[in-house]
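Here are my notes for your first look at this structure. Keep the 3D view open as you read.

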Amino acid sequence: MNTLVEIRNVSKVYQRGTQRVEVLHHVNLDIPNGAFLALMGPSGSGKTTLLNLIGGLDSPTDGSIAVDGSRIDRLGESALAKWRAAHVGFVFQFYNLLPMLSAQKNVELPLLLTGLSASERKRNASIALALVGLGERAGHKPTELSGGQQQRVAIARAIVSDPTLLVCDEPTGDLDRQSATDILSLLQQLNRDHGKTIIMVTHDPKAAEYARQTLHLDKGTLVESQQLVEA
Amino acid sequence: MKYFHLVWAALARRKGRTIFTLLSILMAFLLFGLLDSVRSAFSNTGQAGKDRLLTFSSINWGLPLPQSLYERIRAVPGVGKIEYASAIGGTYQDPNNYVGIEGHADSFLDIYPEWQIAPAEREAFLRTRTGIIASESYAKRFHWKIGDKIPLKTAVYKKDGSTVWTFDLVGIYRISDSSMQSNENTVYARWDYLNEARQEGGGTVDWFAVEVPDLSQIDRVSQAIDALSANSDHETKTETEYAFYIETLRQLGDVGLIVGSIMGAVFFTLVLLTGNTTAQTVRERIPELATLKAIGFSPSSVLGLVLSESVLVLLLGSSLGLIGAAVIVYWVRSTMGSTIFLAPVGEDTWLRGLALAVVVGLLVAVLPAMRGMRLRVVDALSGR
């Protein structure tokens, strides 16, 4: 498989008041196209920071990050926003749905940034909701849905514009075991059946078992890589 | 337009707060509409009366002048049509129902073409000694119709000792020039009847109205008229009717300044109130704005969304307020007639109001919107 994400010598330093905190330290990583990668590690290990860098939410202090051949570390804020809209789907721990919009309208959000007509946006969002098993609940608002269902809506929103990769930050961190299993199975299905490249941060070893590969970070450095047998 | 549902959804996020904000904006713009209506009424002096001179006592308006000046003024070169009048105040049925009563010379309607009246009613007015003509608004307000006998109580004694003057309503007029419609609070009688019937003040008038066909002669004519009474016990002051109205309005106070001051205080409060609400709303929505930025909304789109929300709520509130003002002004004018100093809420008031709404909307939202635009997604999502 060809490499989708190339991370070279990436460091990330935050300034907290007068204190300089190095969160990532010369990280090198290649993520192949079609991967399902779990990033694990203790709190403060830098896994979310690495995920944010790969998703273009943040920029490295040093080093380079290329996704599908594009050097995203060189992009400015507006260009990076445009790049994210076209290439990345985000799934957050707390779903981050807009409470006043229906599931359908939440899923349509990324499509507002495309040139699609209203009817095309509606059709694509319906397809995405059907794919995550929520076709019947398109008109419901987030407060009318369970946590697992909200996360499914968030996944539909993440995939609706057919991004290059899915970036998931603790996607099951706020869910009960059954809902977590459903969500992880759904991610696995998207990876296996639809070829989506997925990078997932998790604390949960059981969640990591759904990934094809697990990387461990500690104190800003990659310490271990584990190739898992497909579940 | 494709972002409109996002903007609308943001307003529905906290309905109670949005409704109270809308109400405060509505009240501010209701006040704006009403006060602007007052200001327009006072500033709408129009162009009427620039070719007419008013001659009245130089000591004070309303002090009697001898009617015999009429022939002497008419003889001044440059004078066209001329008329004279005496005014008495009165009430109809209730002391609160004030009715202005003016007795005029026969040439009154010739010199004031703005007073529109049917030819037959005009003829009736000229031949009926006790006749009066009343405005449409008064006829509507007091349910008067032609042929009615109208008893008006005044402070002026008739020769029979009564202060109730009973007139015959012979015509209904309306004034075509909106800047002169404040005169519709007056019924017009015949000067000769007033003069013959009153106990005192016979042979006197309160003012003369003089038409000067050649405007270039107007200064010379006015000086010549005043020269007729120079060094007498009834010296006159002559000026254009237009100048007289401007001066009278100025004596009532600088309405523009008063209205401007009130509106300044109202909008200062509005800016503080809505500014605080907008800032609070944006603070609460930081995670939502961060999510929008994460999924690809540019900083300028976020800025635009917050500004649009603010402008939309201001436009909604201001439109409702201005509609309210228009309805109130319409109701007051249809009840009280155009005699009250309220101009209809017109296009210019709407334009000024909506422009003000947009400016206030942008002003109160600019700082919160910039905060939304500048927020770091990573920090906002992690609650920092």
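The points below cover the ground rules, the cavities and one glutamine.

1. This is a predicted model: local features need pLDDT of at least 70, side-chain atom pairs count only at pLDDT 80 or more, and totals for chains, interfaces and linings use all residues. Residues are numbered from 1 along each chain as its sequence is written, chains are lettered from A and ligands numbered from 1 in the order written, and side-chain values use heavy atoms, without hydrogens and water.

2. The structure holds five cavities of 30 Å³ or more. A cavity is a set of points on a 1 Å grid, over the protein atoms alone, where a 1.4 Å probe fits but cannot get out; lining residues have an atom within 4 Å of a point. A volume is the space filled by probe spheres set on the points, which are joined across faces, edges and corners.

3. The largest cavity has about 270 Å³ of space. Its lining has 20 residues, and B:L11, B:T18, B:T277, B:T278 and B:T281 lie nearest the centre. The largest share, six residues, comes from α10(B). Helices are DSSP runs (H or I, at least four residues), numbered from the N terminus.

4. The second largest cavity has a volume of about 110 Å³. Its lining has 14 residues; A:L98, B:L6, B:A10, B:R285 and B:E288 are the closest to its centre. Here α1(B) gives the largest share, four residues.

5. Now find A:Q149, in helix α5 (residues 147-159) of chain A. Beyond its neighbours within four places in sequence, A:Q149 is in contact (heavy atoms within 4.5 Å) with A:L134 and A:R137.

Conventions. Helix = DSSP H or I, 4+ residues; strand = E, 2+ residues; numbered from the N terminus. 1 Å grid on protein atoms, 1.4 Å probe; cavity = no way out; pocket = protein on both sides within 12 Å on 5 of 7 lines; lining within 4 Å.
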